[in-house]
Amino acid sequence: MVSIDKKIKSRSATVGVVGLGYVGLPLAVAFSEAGFKVLGFDVQQKRVDLVNQGKSYIADVSDDSLSDVVTRKLLEATTDQSRLKEVDAICICVPTPLTKTKDPDLSYIINESKEIAKYLRRGQLIVLESTTYPGTTRHVVLPILESSKLRDGVDFYLAYSPERVDPGSKKHSIRNTPKIVSGMTSQSTEMVKLLYSQIAETVVAVSCPEVAEMTKIFENIFRSVNIALVNELAQLCQNMGISVWQVIDAASTKTFGYMPFYPGPGVGGHCIPLDPYYLASKARELDFHTRFIELAAEINENMPSHVVSRIMEALNTRGKSLNGAKVLVLGVAYKKDMEDIRESPSLKLVQLISDRGAKVSYNDPYMPKIQLSHCSLTSVALTKGNLSAADCVVIATDHSCYNMDEVTAYSKLVFDTRGVTKGLMGDNIVRLGE
Ligand SMILES: NC(=O)c1ccc[n+]([C@@H]2O[C@H](COP(=O)([O-])OP(=O)(O)OC[C@H]3O[C@@H](n4cnc5c(N)ncnc54)[C@H](O)[C@@H]3O)[C@@H](O)[C@H]2O)c1
């Protein structure tokens, strides 16, 4: 077997990153900053052009860091998959969405594996990073790569290593987040460990790709289930006249055995709303029903409707109906201080409020325009006039730039889904979970 370990150690190996999105672009920059030559692949010409101009479209990658590695000729992007033969290691970071019936859609992984198989050469290390159900590396990627007539463990190395980025976080980076790896063979494990130890302080090798695949999905299900639990508790607390926010604060004083999760309008992003279904669907093939996972998804998916019911009640109490009311929604991204609206519950909220006949507008400094089912909306300015003109202002995403003192001072009614007004008093403030 041609070994690329010397090339990795001397950082003369070329790393290919396929899929230059939220996961792939930061990874490509991390390898180039470590001194590797990186070739980034994407099917979107626009993204490739932007990368080659040093212009970032992902919040976690600054223009400065991108243009620095591009100018130093350490990072180049291309749509030309035949250039896969130029690279020594390939990290696959393509999307893993769901179909309309919420089943895993592996078409991106399958299509890319076919491309790699066309150009596969001896000694290459292929690492799948996309989140997926256990068995994908072995039963989906491996047979496609071996259709090239080259053999895993003899001619090339195949491994799985899940991405664990925390989008928007200043604290957690590729460098300080332990990286889980596993190869199909012990040599592949050694090779993938060596590669990632060039950019991550801690690399944790596990016994097989299935353990690594399950670990990533379990981490996201853990979040989904705990968020669902606190979302359910929020609804019960409201019925019992208890503040869920005070309960969480009090429980957080426990120094062991408890970790805070917070209620909200639902879950969003590419991971938590999707990944649990990957496992649930795979489990059904074994006649196993993942009840916890599906119940959590159901509770989280129902949160936008629950919030709308609460807004209706709050308006009714003030002699108004949602139909015909002016509602201003603050924040449409799924997470604070981010421009990502994938699966965003705030978007669902805007849609539901609009469907019930309200005149809905929104503000989001990160998203100038959004598309609803029947129209598009443009973000309005967050002015005293716009706040006071609304019958209800809904805090859907808690962007740090929102000044809650001003929002609550000028609004007739504030519905807070994130608990950001919890230190504030006022008859015009209604909170989820209270
Ligand atoms: N976003 C996150 O926070 C996050 C965190 C951990 C893991 N993940 C997982 O990582 C994977 C990628 O997620 P993402 O958020 O980066 O997705 P993304 O949509 O931001 O990026 C994927 C990129 O892949 C490109 N692409 C699709 N098919 C391609 C192909 N055949 N060749 C080259 N490029 C191709 C797309 O054009 C896009 O630019 C998913 O499996 C996701 O579940 C995401």
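Helix α5 passes helix α6 in a right-handed crossing, where right-handed means the near helix is turned clockwise from the far one by less than a right angle, and left-handed means anticlockwise. This is a predicted model, where local features need pLDDT of at least 70 and side-chain atom pairs count only at pLDDT 80 or more, while totals for chains, interfaces and linings use all residues. Residues are numbered from 1 along each chain as its sequence is written, and side-chain values use heavy atoms, leaving out hydrogens and water.

Helices here are DSSP runs (H or I, at least four residues), numbered from the N terminus. Axes are lines fitted to C-alpha atoms over the stretch in contact, with angles from 0 to 180 degrees between N-to-C directions.

| Helix pair | Axis distance | Crossing angle |
|---|---|---|
| α5 (residues 107-119) and α6 (residues 136-146) | within 8 Å | roughly 35 degrees |
| α8 (residues 209-240) and α11 (residues 291-317) | within 8 Å | roughly 40 degrees |
| α8 and α10 (residues 275-284) | 8 Å | about 115 degrees |

Back to α5 and α6: on the α5 side, Ile109, Ile110, Ser113, Lys114, Ile116 and Ala117 meet Thr136, Val140, Val141, Ile144 and Leu145 of α6, with contact meaning heavy atoms within 4.5 Å. That contact splits into 8 nonpolar, 2 polar and 1 charged. For the classes, Ala, Val, Leu, Ile, Met, Phe, Trp, Tyr, Cys and Pro are nonpolar, Asp, Glu, Lys and Arg are charged, and the others, Gly among them, are polar.

Now for α8. The axes of α8 and α11 cross at roughly 40 degrees, so α8 is oblique to α11 (oblique is what remains after under 35 degrees for roughly parallel, over 145 for roughly antiparallel and 65 to 115 for roughly perpendicular). This crossing is left-handed. Among the residues in contact are Ile221, Ser224 and Val225 of α8 and Phe292, Ile293 and Ala296 of α11; by class there are 9 nonpolar, 6 polar and 3 charged.

With α10, α8 also makes a left-handed crossing. Met214, Ile217, Asn220, Ile221 and Ser224 of α8 touch Asp275, Pro276, Tyr278 and Leu279 of α10, which gives 6 nonpolar, 2 polar and 1 charged.

Finally, a look at lining residues. Helix α2 (residues 24-33) gives the most to the lining of the second largest pocket, with 4 residues.

Definitions and conventions. Helices (H or I, at least four residues) and strands (E, at least two) are DSSP runs, numbered from the N terminus.
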